[in-house]
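My notebook is open and the structure is up next. I'm jotting down what I look up as I go.

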Amino acid sequence: MTLLVLHFVADESLCGNQLMERISTLTDGAVAVNPNTMYPLLRSLEAHGLLNGRWDPPDRRSRHCYEITAAGAEHRRRLAAQLEPNLDALAHTIDVIRHELLAR
């Protein structure tokens, strides 16, 4: 989840609801993020200096939006590099299972 959040805020400032929608859209609904998961994660990433948060609009505090920091961008690169071999293995495993199930 952390990598997805950092990935999406790397391109633009986003709020929690927008992030939950993007993750749901990306996964075609397979991953439904609960606000009770997303908002503590965002606060933690901000506390660790990986995100900067701001109220939008600043005078009404209606939406808290986040943007990535330099430390967050570096953390994103590290997480992506660590995840890549696992994604390749998972994609291969899914192809093998699909072939096995459809070949009969």
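Before anything else, the words I need: helices (H or I, at least four residues) and strands (E, at least two) are DSSP runs, numbered from the N terminus. This is a predicted model, where local features need pLDDT of at least 70, side-chain atom pairs count only at pLDDT 80 or more, and totals for chains, interfaces and linings use all residues. Residues are numbered from 1 along each chain as its sequence is written, and side-chain values use heavy atoms, with hydrogens and water left out.

**Entry: the loop**

I looked up Asp 28, and it sits in the loop between helix 2 and helix 3. Its phi is positive, about 55 degrees, although Asp 28 is not a glycine. I noted the general rule beside it: most residues other than glycine have a negative phi. Is Asp 28 buried or exposed? It counts as exposed, because its relative accessibility is 73% (buried means under 20% relative accessible area, exposed over 50%, partly exposed in between, with a 1.4 Å probe and protein chains only).

**Entry: how the helices cross**

Next I checked helix 2 (residues 16–26) against helix 3 (residues 35–47): their axes come within 10 Å and cross at roughly 120 degrees. Axes here are lines fitted to C-alpha atoms, for helices over the stretch in contact, and angles run from 0 to 180 degrees between N-to-C directions. That angle makes helix 2 oblique to helix 3 (under 35 degrees is roughly parallel, over 145 roughly antiparallel, 65 to 115 roughly perpendicular, and the rest oblique). Helix 2 passes helix 3 in a right-handed crossing. I wrote down the rule for that: left-handed if the near helix is turned anticlockwise from the far one by less than a right angle, right-handed if clockwise.

**Entry: salt bridges**

How many salt bridges does the structure hold? I get four, a salt bridge being a side-chain nitrogen of Lys or Arg within 4 Å of a carboxyl oxygen of Asp or Glu.

One of them joins the side chains of Arg 22 and Glu 12, at 2.9 Å from N to O. This pair links distant parts of the chain, with Arg 22 in helix 2 and Glu 12 in the loop between helix 1 and strand 1 (14–15), 10 residues apart. Arg 22 is partly exposed at 31%, and Glu 12 is partly exposed at 37%.

In helix 4 I found Arg 77 and Glu 74, three residues apart, about one turn of the helix. Their closest N and O atoms are 3.1 Å apart. Glu 74, Arg 77 and Arg 78 are linked in a network of salt bridges.

Arg 98 and Asp 95 also lie in helix 4, three residues apart, and their closest N and O atoms are 3.3 Å apart.

Leu 87 is in helix 4 (residues 70–102), and it is partly exposed, with a relative accessible area of 46%.
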